[in-house]
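User: Hi! I'm new to reading protein structures. Could you walk me through this one with some questions and answers?

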Amino acid sequence: MSPATKDAKRPAKKRRNAVHREPRAVAALHLLSDAEMRRIAGKIFKLSDADETEVEIGVVSDALTRFANNTIHQNVAEQVLTVSVRTVLDGRTARATTNKTDDDSLRRVVAASKSLARSQPRIPGLLPMPGPQKYGKVARYFENTAYATPADRARAVARVAELAEKNKQTAAGIFTTGVTQSAIVNTKGLFASHRQTRAEFSITILESDSSGWAKANAPDLGRIDPDALARSASEKSAASRNPSEAAPGRWTVILEPAAVLDLVGFLFYDFAGTAVKDQRSCFNKRMGKRVMGENITLHDDVFHPLQSGAPFDGEGMPRQQVLLVDKGIPSNLVYARATAKKMKAKPTGHGMPLPNDYGEAPMNLVFGGGNSSVDDMVRSTERGVLVTRLWYIREVDPYEKVLTGMTRDGTFLVQDGRVAGGIRNFRFNQSILEMLSNVELLGPAVRAAGEESFEMVVPPMKVNNFHFSEVTKF
Amino acid sequence: MMRDFANWALETARSRGATYADARVMDIRHRDLSTKNGQVGTLAESESLGIGIRVIAQGSWGFASTDRLTREGIAACAAGAVAIAKASALAKRHDVEMAPVEAYQDTWQNPFVKDPFRIPIERQLDLLLAADREMSRVKGVTLTETSMAFRRIEQLFASSIGSVIHQVKMESGAGIVATTFAGTEIQKRSYPNSFGGQHQLSGYELVESLDLVGNAPRVAEEAVALHSAPQSPEGTKTIILDSSQLGLQIHESIGHPIELDRVLGMEANFAGMSFLTLEKLGKLRYGSDIVNVVADARLEHGPGLGTFGYDDEGVPAQCTPVITDGLFTGYLSNRETAVSIGLKRSGGTMRTESWNRLPIIRMTNISILPGAWRYDDLIADTDDAILMETNRSWSIDDRRYHFQFSTEIGWEIRGGKKTKMLKNPSYSGITTEFWNSCDAICSRKHWTLWGTPNCGKGQPMQTMGTGHGAAPARFRNIKVGAAFAKS
């Protein structure tokens, strides 16, 4: 019952060297050097007579192998290059984007950006574009991941399908690898570029009346162990056979990291300065007040070793580490440049590409953890529910931060300190602020991957008084 | 050029050993505008042109896409698709089979009156700013937002069986939202629907028909008034859903469960499966006798986001009866899944978000057919109920049994009259129990073909627009209030 992501890390070094090299089976990987990106931007700057011009370049080269019913049923690859141009004209700004990079198309995208900019009233307080910045270093590009082949992925899928068949189970999931590049260049001399790889394996193992799930995601393919993840999902599926029905109500719950991630991920925009200014954040009038337990501390930290992403924001500002919640007290927000000016704060490097309605958001959440393992949490629980993952989470009440959703793929009754068997899935209606005030135990924080939120670093949690409102039929 | 691009792809795929290939060249243009608190928020245009190539080789699927539209770039992409298919064959259980389809050479375009990309931006922004201003005038409103979105999709589909199909689709949408924060509560009202408003396969005439400015004061006033309204009750009640909320109810509790790829386990890892297992076809009493639902992609159904001439594997648009007089009668299928359940042809529901995504089974226009009730008569006929309008939150389990919805606003219906506003209404239930409790559906006059522009499915995730025709309807003995209950 240990989180699969922990298992996935164990054989990392061994696997990193074991990546099978063979002729690439997809079109050659077209990554751009910094010089090439500067050249594209330079070409656009020559075509633009706007007061200021910003160019964003994005490259995606992704491949995804999808399997179900113990066979590969979808297997895809994509190559995309986008060029996005933001111009500023007399206090107005707008953006136009294309994936066509011939001279005529670049001329047209510049003209479209300028035409859009001219078509609107002046924007009060529009800031000049930032000049050159210095960025912290992150190393998130791994050749083994960039050059993984369809055959590498297919062989791993064949192994997990074999495991499922051997156990009279059915496997479904994905194995994806890819590279992204992004750059921001502006006429004030700013140049920021980032290249990173991504690997992800997710698996659901099904039996006639039960299922189990595991998922891991990392910049380095060597950190992903499909076989360990498959074993974990298989064990969960077997352990949750013949589920009983438990009554809804207030329960002690043990949330594995993916379940924690998908809940607390709904808080991320509430930490935006703009959300508080717009009075739609749950932290409106609650900053500096204790709204969570003293055992809850939360940072945004792109430099954390388990995090991913670029060290700059959508305007090219350097991302900073921000303490968001200090021992249960929301302490700081994140700010884009314009929001910071309006709210008399300092920009934190969390702005979204301009123009936009939402300002900024922390994208690299890191929760403080504890020392209790999931097994410790089970052992200390007289009667509770162990939750593997959650599904279809939506906000019911934005200020009390009540979320609804379902448990899924591995929900267990815990009785007298042990896992007593599978139970039918619950619907919950739970305030996240209340939940984070009722955390009894925390485990070590790990890089978790779910389906409702982007990846972040979160611990498993034992939570008291969690509200399951109804139960479904499986 | 689109035809050349597709031909180059098919030639290479064949020469590399594909036994079947199709290519989609898509040229997609977006325009997005928004305002917030009286200022322009988003103002952006984008265009994207590329090719997606799908092949069968060694009995397995492969797909690759590129925006390098040179002969060399497309050939490399097609060769990559074949190589991926051969890798898929490493974990193959059986060869892919597909239901037959005729070869079509055709062109299709949805009708529209005003090209939204030819309407000056200034005029579009003026309309949004005027609606924004009208909402801001109402005391107590703390946030005003408006938006418009337009999309033109030109695509050419060609396949190795000889189809060449050119289609152009124009989509338009717009909406407004007033949000209020007071005390310890955030409330909001949206018009004409939440999450971006109304969207159809239409020109700018759709936006002009919505009267955003005329509706702005009411929307704002209701958002403020919700703070003083009593809490919607908990218990078991009769409910009446407005047509937009019923549209989303159809989407979640009928549209998704009838997707045959879910039923067959192909989406088990992410979107989930379905309670509608194969033995239920033609036997399950899905709803009461008055419930009739179709999946209709044909233009005669209306300008829905699920309307087209041909789907993305070259199958003509069709109307499939999904629920007939309450009985479950049809799935959403494609060429591959049709064969696996013994159907003679695909239901024509393969759709792709863009050139860089594989087509998958998607809803078309999943609509409940109108009933006979006049809206006023329905209210007058109802003694004690809650009328719920405009979706606020939605959630359903991964087999589509248990759902919970809340709406932005509720109204108490007592003695045949709408008596008072209620805040935070919600309802929940089990799909088939819910649809079997339907005892009244309003007439064609009150029926609207709503657009849901944000339906997510697939890995990698694809966002697709779907259509849902619905009229206000009444349901008996429904659990209400669980979303806001404390225990």
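Predicted model: local features only at pLDDT ≥ 70, side-chain atom pairs only at ≥ 80, totals over all residues.

User: Which residue does a cis peptide bond join to B:Gln459?

Analyst: Here omega is about 0 degrees.

User: Let's zoom out. How many helices and strands does chain B have?

Analyst: For a sense of scale, the C-alpha atoms of chain B fill a box of roughly 70 × 55 × 40 Å along the principal axes. Buried residues make up 68% of its 487 residues. The secondary structure of chain B comes to 10 helices and 23 strands.

User: Why can chain B be called as compact as a globular protein of its length?

Analyst: The globule rule gives 23 Å for 487 residues, and that is the value to compare with. Chain B comes close to it, so it is as compact as a globular protein of that length. The radius of gyration of chain B is 24 Å.

User: And chain A: how many helices and strands are there?

Analyst: Along the principal axes, the C-alpha atoms of chain A fill a box of roughly 70 × 60 × 35 Å. Of the 474 residues in chain A, 64% are buried. The count for chain A is 12 helices and 19 strands.

User: What radius of gyration does chain A have?

Analyst: For 474 residues the globule rule gives 23 Å. The value for chain A is close to that, so chain A is as compact as a globular protein of that length. The radius of gyration is 24 Å.

User: In chain A, what share of contacts between residues at least 6 apart in sequence join residues at least 24 apart?

Analyst: A contact here means heavy atoms within 4.5 Å. For chain B, the share is 75%. For chain A, it is 74%.

User: How far apart do the centres of the positive and negative side chains of chain A lie?

Analyst: Chain A has 65 positive and 53 negative side chains. Chain B, for its part, has 53 positive and 55 negative ones, with centres 2 Å apart. In chain A the two centres lie 3 Å apart.

User: Which residue of chain B is in contact with A:Arg389?

Analyst: A:Arg389 sits in strand 12 (residues 383–397) of chain A, and it is buried, with a relative accessible area of 1%. Leaving aside neighbours within four places in sequence, its contacts include A:Trp213, A:Asp409 and A:Glu451. From chain B, the contact is B:Asn269.

User: What is the phi of A:Lys401?

Analyst: A:Lys401 lies in the loop between strand 12 and strand 13 (402–415) of chain A. At 4% relative accessibility, A:Lys401 counts as buried. Although A:Lys401 is not a glycine, its phi is positive, at about 60 degrees.

User: Is B:Gln58 buried or partly exposed?

Analyst: B:Gln58 is found in the loop between strand 2 (39–57) and strand 3 (60–66) of chain B. Its phi is near 50 degrees, a positive value in a residue other than glycine. With a relative accessible area of 47%, B:Gln58 is partly exposed.

User: Last one: how many disulfides are there over all chains?

Analyst: A disulfide is a pair of cysteine sulfur atoms within 2.5 Å. Take B:Cys319: the nearest cysteine sulfur, that of B:Cys438, is 19 Å away, and B:Cys319 is in no disulfide. Over all chains, the count comes to 0.

Conventions:
Residues numbered from 1 in each chain as written. Chains lettered and ligands numbered in written order. Heavy atoms only, no water. Helix = DSSP H or I, 4+ residues; strand = E, 2+ residues; numbered from the N terminus. Rg over C-alpha atoms; globule rule 2.2 N^0.38 Å. Buried < 20%, exposed > 50% of the residue type's maximum accessible area, 1.4 Å probe, protein only. Lys, Arg positive; Asp, Glu negative; His and termini not counted. Charge placed at Lys NZ, Arg CZ, Asp CG, Glu CD.
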